[in-house]
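Good morning, everyone, and thank you for making time.

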Amino acid sequence: SGFTRAVGELTREDWEALAGTVPTIPVPAEQAEGDLVELLSAHGVLASKSEGRRLVAQGGLYVNDAAAPEGRHLEAGDWHFDRWYMVRKGKKQRFLLTR
């Protein structure tokens with residue numbers, strides 16, 4: 001995909017366009033805040049919670065372009081335009097979470 005700008009620079013239109021180009025995962029309201037690794041493993045982004053913990057420990061899991069620290073939780077302020085959240089696994093695998 002032609003993703004070249006930082007997540008914080010994206011407009012609402014950019015986010016809507018991304019929804020059609022990267023794997024998009026709808027997140028139920030009750031999961032919109034909580035343990036990131038649990039959420040990603042529940043939605044198939046991570047094969048398991050242990051894969052997620054390993055990725056975090058190795059600095060290979062990013063949320064909105066920032067490396068995810070251990071124990072990272074989704075918070076209300078993470079959602080861009082109160083709707084979108086970008087996850088990157090490794091160098092190139094991106095996922096768009098929507099609510």
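What you see here is a predicted model, and the protein chain in it has three helices and seven strands. If you follow the chain from the N terminus, the order of these elements is α-β-β-α-α-β-β-β-β-β.

Let me turn to the overall dimensions. The C-alpha trace spans about 35 × 30 × 20 Å along its principal axes. If we take the contacts with a separation of 6 or more, 54% of them are accounted for by residues 24 or more positions apart.

Now to the charges. The protein chain carries 13 positive and 14 negative side chains, and the centres of these two sets lie 8 Å apart.

How many salt bridges does the model contain? The count comes to four, and I will go through some of them.

In one, the side chains of Asp65 and Arg94 meet, at 3.7 Å from N to O. Asp65 sits in the loop between strand 3 (61–63) and strand 4 (66–67), whereas Arg94 belongs to strand 7 (residues 93–98), so this pair ties together parts that are 29 residues apart in sequence. Asp65 is partly exposed, with a relative accessible area of 31%, while Arg94, at 17%, counts as buried.

Another joins Arg72 to Asp78, with the closest N and O atoms 2.9 Å apart, and here both Arg72 and Asp78 are buried.

A further salt bridge is formed by Arg99 and Asp82, at 2.3 Å from N to O. Because Arg99 lies in the segment after strand 7 and Asp82 in the loop between strand 5 (73–74) and strand 6 (84–89), the pair ties together parts that are 17 residues apart in sequence. Arg99 is partly exposed, at 34% relative accessible area, and Asp82, at 52%, counts as exposed.

Let me finish with Glu51, which is found in helix 3 (residues 49–57). Is this residue buried or exposed? Glu51 has 16% relative accessibility and therefore counts as buried, the cut-off for that being under 20%. Leaving aside neighbours within four places in sequence, Glu51 is in contact with Leu46 and Lys89.

Technical notes:
Residues are numbered from 1 along each chain as its sequence is written. This is a predicted model: local features need pLDDT of at least 70, side-chain atom pairs count only at pLDDT 80 or more; totals for chains, interfaces and linings use all residues. Side-chain values use heavy atoms; hydrogens and water are left out. Helices (H or I, at least four residues) and strands (E, at least two) are DSSP runs, numbered from the N terminus. Contact means heavy atoms within 4.5 Å. Lys and Arg count as positive and Asp and Glu as negative; His and the chain ends are not counted. The place of a charge is taken as NZ of Lys, CZ of Arg, CG of Asp or CD of Glu. Buried means under 20% relative accessible area, exposed over 50%, partly exposed in between (1.4 Å probe, protein chains only).
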